[in-house]
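Subject: Handing over a structure

Dear colleague,

Please find below the structure that I am passing on to you. I would be glad if you looked it over before reading my notes.

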Amino acid sequence: MAIAKAKKVEIIKAYGANEADTGKTEVQVALLTEDIKNITEHLKQAKKDYSTKRSLYHKTAQRKSLLNYLKELDINRYRDLVKKLNIRG
């Protein structure tokens, strides 16, 4: 369920200023989004995996908090990120 190292580096390069920039809000949201997608796919197969379901709730809440922070900080960066990640339909 964890993100593969190559995929993680690819996401960091795409959303960060460089490959070491993991603290940027956009990078954190993109990594959480990838985690959420992986966990969702797992839960389609294992419907009774309650600990993973709890982890999914935690990650979605964390992503929501980061998105709210980004919205307050810079609305244009928020809109670009939501459009790129195709979330909040």
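This is a predicted model: local features need pLDDT of at least 70, side-chain atom pairs count only at pLDDT 80 or more; totals for chains, interfaces and linings use all residues.

Residues are numbered from 1 along each chain as its sequence is written, and side-chain values use heavy atoms, with hydrogens and water left out.

Salt bridges

Side chains of opposite charge can pair when their charged atoms come close. The structure holds four salt bridges, the term being used for a side-chain nitrogen of Lys or Arg within 4 Å of a carboxyl oxygen of Asp or Glu.

One of them joins glutamate 26 to arginine 77, with 2.7 Å from N to O. Because glutamate 26 lies in helix 2 and arginine 77 in helix 4, this pair ties together parts that are 51 residues apart in sequence. Helices here are DSSP runs (H or I, at least four residues), numbered from the N terminus. Glutamate 26 is buried at 9% relative accessibility, whereas arginine 77 is partly exposed at 29%; buried means under 20% relative accessible area, exposed over 50%, and partly exposed in between, with a 1.4 Å probe and protein chains only.

Another salt bridge is formed by the side chains of lysine 59 and aspartate 35, at 3.2 Å from N to O. Lysine 59 belongs to helix 3 (residues 50-73) and aspartate 35 to helix 2, so this pair ties together parts that are 24 residues apart in sequence. Aspartate 35 counts as buried, at 15% relative accessibility.

Glutamate 10 also forms a salt bridge, with lysine 7, and the closest N and O atoms are 3.9 Å apart. These two residues are separated by about one helical turn, because they are three residues apart in helix 1 (residues 5-15). Glutamate 10 is partly exposed at 48%, and lysine 7 is partly exposed at 32%.

Two buried residues

Threonine 25 is placed in helix 2 (residues 25-45) and is buried, at 10% relative accessibility. Leaving aside residues up to four places away in sequence, threonine 25 touches Leu66, Tyr69 and Leu70, where contact means heavy atoms within 4.5 Å.

Isoleucine 87 is found in the segment after helix 4 (75-85) and is buried, with a relative accessible area of 11%. With residues up to four places away again not counted, isoleucine 87 touches Thr33, Arg63, Leu67 and Val82. Isoleucine 87 and threonine 33 are 54 residues apart in sequence, and their C-alpha atoms are 8.7 Å apart in space.

With kind regards
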